Amino acid sequence: MEKFIKHTGTGVPLRRSNVDTDQIIPAVYLKRVTRSGFEDGLFAAWRNDPDFVLNKAEYKNGTVLVAGADFGTGSSREHAVWALQNYGFKAVISSRFADIFRGNSLKGGLLTVIVAEADVEAMWAAIEADPATAITVDLDTRTVSYNAVSLPFTIDDYTRWRLMEGLDDIGLTLKQTDFIDTFEDKRRSYKPATLPIR
Amino acid sequence: MGKTLAEKIWAEHVVRQADGEPDLLYIDLHLIHEVTSPQAFDGLRLAGRTVRRPDLTIATEDHNVPTLDILKPIADPVSKLQVDTLRANCKEFGIRLHSLGDIEQGIVHVVGPQLGITQPGMTIVCGDSHTATHGAFGAIAFGIGTSEVEHVLATQTLPSTRPKTMAINVEGTLKPGVTSKDIILAIIAKIGTGGGQGYIIEYRGSAIRALSMESRMTVCNMSIEAGARAGLIAPDETTIAYIKGKPHAPENWDEAVAYWKSLYTDSDAKFDIEIDLNADELEPFVTWGTNPGQGLPLNAKVPHPADYADPATRASAERALEYMGLTAGTPLKEIAIDTVFLGSCTNGRIEDLRSAAEIVKGKKIASTLRMLVVPGSARVRLEAEAEGLDKVFIDAGAEWRNAGCSMCLGMNPDQLASGERSASTSNRNFEGRQGKGGRTHLVSPVVAAATALRGKLSSPADL
């Protein structure tokens, strides 16, 4: 995984709350067996609307999505994270993310940043006033900054370290194989197994 | 201080605990399907890794499979590739797979319980957010993304942060025609789509205890719609009776049952938050908007956005009404429906089909709509056919299909057309969920059946 330390880019103001993963990428776009090529499905239903924010020239190169509350609710599809990344987003800012989406994003290196709803409103206003506003998401200092504003955000130390080092979660766990072996030795004998088929 | 049920199960599965790190949690059962697994298997291959415990892993084909002509090659080449990829991956890594045409094929959350492989005290994951269904047996079951699927395949563990605990106490007795679907829709309307975020919900109280196993699964299934990753119900005699005799019921039965009976929340345990709901007052519930929290009793009217004080809620209601093509103040029972969908991991089990069949038996569905009946699994379908339920539905004018997720998410050809309106026993009424431009009202199986007969949203009492 690519390291995430600090990213500076322009913002895309998505003035909607409860953006579920079916909106981020509808089910009919989930049929690929790769991790790439999902950008076409991103917000597919909304992209027919010429007024939709991603269709506006001034936001075309945005890399920081600023969204309303409860972003990423619904389905566990990690394709939602891939679609955002494939399109070019590096970070998403909202006042609240659904758990599974947030987990998926932080596994895959798309930084999800939680700030207060009033701060999201202020960012929308700033971006709309000047779409070229540079937004910096700094994982090292745990701050989001634009113009003269600097907003602290929280993220647990472990996830931050893993993202900044670009570490593979599975590789880390495989170093704990001794613990897994020991655990398996004392598992209850009557726990079900799928094999052999009964 | 005592422990809650969720805390007991969690503690039992911690492989490794370290300060400042998430707990490493052992996973007892990993369920797999075609949509969220191909990239995970690819990841294993790229890193030269294997599946640690194929014997704790099981796969089925459900999300994108057709419900007609299932023995012919899948017509959509992209769906076919995804299913073929699952078949090849299962073969390569030695994973048990139930393919189209197999008696155990079906929606992954229907298959686990029917095999008896879902049991109390387990940790269960699947790359699907409705995995919480299995919590009905007193298990911690939750949905994961594809990176986590790969992690579980490789290590049979998952680094996880322990959620907080929430109790939802449902006391009282449900009125006739009110079901567990109405309980969960009422809960989501009450706490909102983010209300359960960060929590494991334990559903408790006399109204929950009185539910059958399958009705309990309906409640736990939609925990995610309240924002919670998992929801569970303590095992009791109902749970034990359901598992007894299933193919994978423990051979060491007495020992297993003794353990299951220890799985309850201690009387002196403390939840982080408790919420109460009175079952006596519940009515059949229906959603009017585009998230599962936008629901009301069926006797209500389409709400006025101006009645909501919070600006974001108001804006969301305005958008929802526009998308749904509804006018504030319209009685919900006046809303005409084009398609009734009976099925899904929420309400596609045999009891759901029975309760709907009882209502349509000997009657005809309204000429203005179509009704799709999609059993949750091939076994459920055969069981229903043995009872003659297929005939009941077909004679009423409904379509009797093969098992799969079908119109719940419209990944296969079973979709709503733009502007088409459904009464659906599934779990999500998001914009476009059942087909681009489609409009979804979430309902219970008995409301779906009554609606099919009357042509407008209806409860059995309206017939």
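**Interface and local features of the predicted two-chain model**

The contact (heavy atoms within 4.5 Å) takes 81 residues from chain B and 61 residues from chain A. The model is predicted: local features need pLDDT of at least 70, side-chain atom pairs count only at pLDDT 80 or more, and totals for chains, interfaces and linings use all residues. Residues are numbered from 1 along each chain as its sequence is written, chains are lettered from A and ligands numbered from 1 in the order in which they are written, and side-chain values use heavy atoms, with hydrogens and water left out.

Between chain B and chain A, about 6000 Å² is buried, and carbon and sulfur atoms give 54% of this area. Buried area is the accessible area (1.4 Å probe) that two parts lose on being put together, summed over both. Ten salt bridges are counted between chain B and chain A, a salt bridge being a side-chain nitrogen of Lys or Arg within 4 Å of a carboxyl oxygen of Asp or Glu. In one salt bridge, the side chains of Arg49(B) and Asp168(A) meet at 3.1 Å, N to O. There are also 43 residue pairs in polar contact between chain B and chain A, both residues at pLDDT 80 or more. A polar contact is a pair of N or O atoms within 3.5 Å; within protein, one must be able to donate a hydrogen and the other to accept it, and residues adjacent in sequence count only if both atoms are side-chain atoms. Helix 5 (residues 146–155) of chain B supplies the largest share of the side of chain B that touches chain A, namely seven residues. Helices (H or I, at least four residues) and strands (E, at least two) are DSSP runs, numbered from the N terminus. By class, this side of chain B has 28 nonpolar residues (Ala, Val, Leu, Ile, Met, Phe, Trp, Tyr, Cys and Pro), 22 charged residues (Asp, Glu, Lys and Arg) and 31 polar residues (the others, Gly among them).

Chain A has seven helices and seven strands, which run β-α-β-α-β-α-β-α-β-β-β-α-α-α from the N terminus on. Of the 198 residues in chain A, 57% are buried; buried means under 20% relative accessible area, exposed over 50%, and partly exposed in between (1.4 Å probe, protein chains only). In the loop between strand 1 (6–14) and helix 1 (21–24) of chain A, Asn18(A) has a positive phi of about 55° although it is not a glycine. Asn18(A) counts as buried, at 19% relative accessibility. The peptide bond from Leu195(A) to Pro196(A) is cis, with omega near -5°, and Pro196(A) is placed in the segment after helix 7 (177–185) of chain A.

In chain B, helix 10 (residues 253–260) has Trp253(B), Ala256(B), Val257(B), Tyr259(B) and Trp260(B) buried. The buried residues fall within an arc of 160° seen down the axis of helix 10 of chain B, so they line one face of the helix; the arc is that of the directions from the helix axis to the C-beta atoms. They pack against helix 1 (5–12) and helix 9 (237–243) of chain B, whereas the face turned away from the buried side carries the exposed residues Asp254(B) and Ala258(B).

Thr123(B), in strand 6 (residues 123–126) of chain B, counts as buried at 0% relative accessibility. A polar atom of the Thr123(B) side chain lies 2.6 Å from the backbone oxygen of Tyr26(B).
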